Amino acid sequence: MLASACWAEILRAQTRKFAYFDQATAAEIDAIARQIIPDDDTPGAGQAGVIWFIDGSLAGYDSDKRDLYTRGLADTQAERTLLFPGSTSIASLTSNQQIDLLKAIQRTEFFAQVRLHTALGFFGHPMHGGNREMLGWKHIGIEHVMQFQPPFGYYDAEASGAESK
């Protein structure tokens, strides 16, 4: 019963509408995240739904980062216009152009924050909106089970009254 409630919450978190982003902004941030952890031979930020984690973070516990995202995305758009005149969005750039743009902003606080949110969304618990189908965990070999065994150690024996070996 508890397991089904947990999975229902996970599914709800991954199918909700954006809480903070509008569609256009979400597409731009998603394009950046997809270059940070690309969907290539293995699943990346796109397949893992990292954008949902970032959106939820900015709508909730990381709401203090909203101005950083607003300013940083505006600065990134300005850099995009300089590098690729005539382009209309980050998402519309080719993959190589997106990489060139990210190289130009890689030392900014905005990029550092998007990179952090991307990693957290890729490897965090799916109930927070990212790591869809536990792709991040599978990528590093973590098997999700509903019950974990405690680590072995002398304290296990002491707790049970048995002698430690």
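Which residues form a nonpolar patch on the surface? The patch consists of Tyr61, Leu116 and Leu120, which together have about 310 Å² of accessible area. The structure described here is a predicted model. Its protein chain contains 9 helices and 0 strands, and 37% of its 165 residues count as buried.

**Overall architecture**

- Followed along the sequence, the protein chain shows the pattern α-α-α-α-α-α-α-α-α.
- Among the contacts in the protein chain with a separation of 6 or more, 64% are accounted for by residues 24 or more positions apart.
- The protein chain has an accessible surface of about 10,000 Å². Carbon and sulfur atoms contribute 57% of that surface.

**The nonpolar surface patch and Tyr61**

- Tyr61 belongs to the patch with Leu116 and Leu120, and its place is in the loop between α4 (50–59) and α5.
- Tyr61 counts as exposed because its relative accessibility is 55%, and the cut-off for that class is over 50%.
- Leu120, another member of the patch, is also one of the residues of α7 that make the contact with α4.

**The crossing of α4 and α7**

- The axes of α4 and helix α7 (residues 109–123) come within 8 Å and cross at roughly 115°.
- The crossing in which α4 passes α7 is right-handed.
- On the α4 side, the contact is made by Val50, Phe53, Ile54, Ser57 and Leu58. On the α7 side, His117, Thr118, Leu120, Gly121 and Phe122 take part.

**Salt bridges**

- Side chains of opposite charge can pair when their charged atoms come close.
- How many salt bridges does a search of the whole structure find? The search finds 3.
- One of them links Asp30 and Arg34, with 2.7 Å between the closest N and O atoms.
- Asp30 and Arg34 lie 4 residues apart in helix α2 (residues 23–36), so about one helical turn separates them.
- Is Asp30 buried or exposed? Asp30 counts as buried because its relative accessibility is 15%, and the cut-off for buried is under 20%.
- Arg34, by contrast, is partly exposed, with a relative accessible area of 36%.
- Arg34 also meets the side chain of Asp39 in a salt bridge, at 3.4 Å from N to O. Asp39 counts as partly exposed at 27% relative accessibility.
- A further salt bridge joins Asp64 and Lys65, whose closest N and O atoms are 3.5 Å apart.
- Asp64 is exposed, with a relative accessible area of 55%, whereas Lys65 counts as partly exposed at 22% relative accessibility.
- Through salt bridges that share partners, Asp30, Arg34 and Asp39 are joined into one network.

**Thr81 in helix α5**

- Where is the place of Thr81? Thr81 is found in helix α5, which covers residues 66–83.
- Thr81 and Leu101 are 20 residues apart along the chain, and their C-alpha atoms are separated by 9.9 Å.

Technical notes. Residues are numbered from 1 along each chain as its sequence is written. This is a predicted model: local features need pLDDT of at least 70, side-chain atom pairs count only at pLDDT 80 or more; totals for chains, interfaces and linings use all residues. Side-chain values use heavy atoms; hydrogens and water are left out. Helices (H or I, at least four residues) and strands (E, at least two) are DSSP runs, numbered from the N terminus. Patches are made of residues with over 30% relative accessible area and no salt bridge: like charges are joined within 9 Å, nonpolar side chains (Val, Leu, Ile, Met, Phe, Trp, Tyr) within 5 Å. Accessible areas come from the Shrake-Rupley method with a 1.4 Å probe; for residues, only the protein chains shown count as cover. A salt bridge is a side-chain nitrogen of Lys or Arg within 4 Å of a carboxyl oxygen of Asp or Glu. Buried means under 20% relative accessible area, exposed over 50%, partly exposed in between (1.4 Å probe, protein chains only). Axes are lines fitted to C-alpha atoms, for helices over the stretch in contact, and angles run from 0 to 180 degrees between N-to-C directions. A crossing is left-handed if the near helix is turned anticlockwise from the far one by less than a right angle, and right-handed if clockwise. Contact means heavy atoms within 4.5 Å.
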